[in-house]
Amino acid sequence: MTQVESHAETHDEHGAAYYVKIWAVLLALLIVSIVGPMFGIKLLTLATAFGIAVVKAYLVARNFMHLAIEKKYIVYLLCTTIAFMFLFYAGTSPDIMQHQGRLWQNVAAEKEVQRALGAGHGEGG
């Protein structure tokens, strides 16, 4: 069985109603991710921003990108790419998230934060 035949069987197996259900779930998750931050609760905002984004990305990848019928090396490439993304974040975040290090200091960013905090206090924020 070729990959195209396998894809056709997978599509026939699910049918249009299946994809409409997935779309409805994605739409509901979108609404939750928009409404969640309106409550002003930090934990709820983080859960809706990141948790729901991960679930939506998984649903799209699983149902619309047809990764299950691709060759196995595609999964390895995807996992390697994600690992490199986290490695890049882990390597750069200590420098980006701080205004000073052992041998350097970002004076401009520190002044901008102080200016913004000062402006916020003046407006009652």
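Of the protein's 125 residues, 10% count as buried. The model is a predicted one. Its accessible surface comes to about 10100 Å². Carbon and sulfur atoms hold 70% of that area.

The fold comes next. The protein has four helices and zero strands. Along the sequence the pattern reads α-α-α-α. Among contacts with a separation of 6 or more, 49% join residues 24 or more positions apart.

A patch of about 1200 Å² is built from Val-20, Trp-23, Leu-27, Leu-30, Ile-31, Ile-34, Val-35, Met-38, Phe-39, Ile-41, Leu-43 and Leu-44. Helix H1 spans 3-35 and helix H2 spans 42-63; each supplies at least two of the patch residues. H1 gives the most, with seven. Ile-31 is one of the patch residues, and its place is in helix H1. Its relative accessible area is 48%. Ile-31 therefore counts as partly exposed, and this value clears the cut-off of over 30% used for patch residues.

Turn to the charged side chains. Side chains of opposite charge can pair when their charged atoms come close. The structure holds one salt bridge. Arg-115 forms this bridge with Glu-112, and their closest N and O atoms are 2.5 Å apart. Both residues sit in helix H4, residues 107-122. Arg-115 and Glu-112 are three residues apart there, so about one helical turn separates them. Glu-112 is partly exposed, because its relative accessibility is 41%.

Conventions:
Residues numbered from 1 in each chain as written. Predicted model: local features only at pLDDT ≥ 70, side-chain atom pairs only at ≥ 80, totals over all residues. Heavy atoms only, no water. Patch = residues over 30% accessible without salt bridge, like charges linked within 9 Å, V, L, I, M, F, W, Y side chains within 5 Å. Areas by Shrake-Rupley, 256 points an atom, 1.4 Å probe, with all protein chains shown as cover. Salt bridge = Lys/Arg side-chain N within 4 Å of Asp/Glu carboxyl O. Buried < 20%, exposed > 50% of the residue type's maximum accessible area, 1.4 Å probe, protein only. Contact = heavy atoms within 4.5 Å.
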